[in-house]
Amino acid sequence: MTELISRDELKAAIDSGAVTVVDALGGMYYEQQHLPGALPLVEADVAAQAPSLLPDKAAAIVTYCSNEACPNSQAVAALLTAAGYSNVRKYREGIQGWVEAGLPIESGVFARA
């Protein structure tokens, strides 16, 4: 099981630019709302897209999905860890917990560089 990160820890890491946040829902869910600066990466795309989206395998990465019941964030985190990423954690409460805490979100389509 992937190590967890608390909401307060994640908020501080986002604010300081110390983490790459990965939205494991993707698609229309990502477009509707996502954590600030989050990159969309779903389980089926990890092998193909992680090397370009996440080039630094030692960087701090946090995955999340919709809520505690959603398995997507754990699936993506496990695949990233298996691919050699060494600092992957999971925000278990997901976008639901983030929104319920009144924290800022973004919306819109991800523009690949």
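Against which strands and helices do the buried residues of helix 4 pack? They pack against strand 2, helix 3 (46-53), strand 4 and strand 5, where packing rests on contact, meaning heavy atoms within 4.5 Å. Buried means under 20% relative accessible area and exposed over 50%, with partly exposed in between (1.4 Å probe, protein chains only). Helices (H or I, at least four residues) and strands (E, at least two) are DSSP runs, numbered from the N terminus.

This is a predicted model, in which local features need pLDDT of at least 70 and side-chain atom pairs count only at pLDDT 80 or more, while totals for chains, interfaces and linings use all residues. Residues are numbered from 1 along each chain as its sequence is written, and side-chain values use heavy atoms, with hydrogens and water left out.

- Five strands form an open sheet in the order 1-5-4-2-3, and the pairing is parallel; two strands pair if DSSP finds at least two bridges between them.
- Strand 1 (3-4) and strand 3 (39-40) stand at the edges with a single partner strand each, so one side of each is left without a neighbour in the sheet.
- Strand 2 (residues 20-23) pairs with strand 4 in the parallel sense over four bridges.
- Along this pairing, T20 stands opposite I61 in strand 4, and V22 stands opposite T63.
- Strand 4 also runs parallel to strand 5 (residues 88-90), joined to it by three bridges.

- Together with helix 4 (residues 72-82) and strand 5, strand 4 makes a right-handed β-α-β unit.
- A crossover is right-handed if, with the strands pointing away from the viewer, the path from the first strand over the helix to the second runs clockwise.

**Helix 1**

- Which residues of helix 1 are buried? In this helix (residues 7-16), they are L10, A13 and I14.
- Seen down the axis of helix 1, these residues fall within an arc of 100 degrees, so they line one face of the helix; the arc is that of the directions from the helix axis to the C-beta atoms.
- An α-helix has 3.6 residues a turn, so residues three or four places apart point the same way.
- The buried residues of helix 1 pack against strand 2, strand 4 and helix 5 (94-100).
- On the face turned away from the buried side, helix 1 carries the exposed residues D8, D15 and S16.
- Just after helix 1, G17 takes a positive phi of about 75 degrees.

**Helix 4**

- S73, Q74, V76, A77 and L80 are the buried residues of helix 4.
- Viewed down the axis of helix 4, they fall within an arc of 165 degrees, so they line one face of the helix.
- G84 follows helix 4 and has a positive phi, near 105 degrees.

**T2, before strand 1**

- T2 belongs to the segment before strand 1 and counts as buried, at 12% relative accessibility.
- The side chains of T2 and Q74 are joined by a polar contact of 3.0 Å.
- A polar contact is a pair of N or O atoms within 3.5 Å; within protein, one must be able to donate a hydrogen and the other to accept it, and residues adjacent in sequence count only if both atoms are side-chain atoms.
- Not counting residues up to four places away in sequence, T2 touches Q74, A77, A78, V88, R89 and K90.

**H34, in a loop**

- H34 lies in the loop between helix 2 (27-32) and strand 3.
- Is H34 buried or exposed? H34 is buried, with a relative accessible area of 3%.
- At 2.6 Å, the side chain of H34 reaches the backbone oxygen of Y30.

**The aromatic pair**

- The structure holds one aromatic pair.
- Y91 and W98 form this pair, which is edge-to-face, at 6.0 Å centre to centre with 80 degrees between the planes.
- Rings of Phe, Tyr and Trp (its six-membered ring) pair if their centres lie within 6.5 Å; planes under 30 degrees apart count as stacked, over 60 as edge-to-face and the rest as tilted.
- Y91 is buried, with a relative accessible area of 0%, and W98 counts as buried at 1% relative accessibility.
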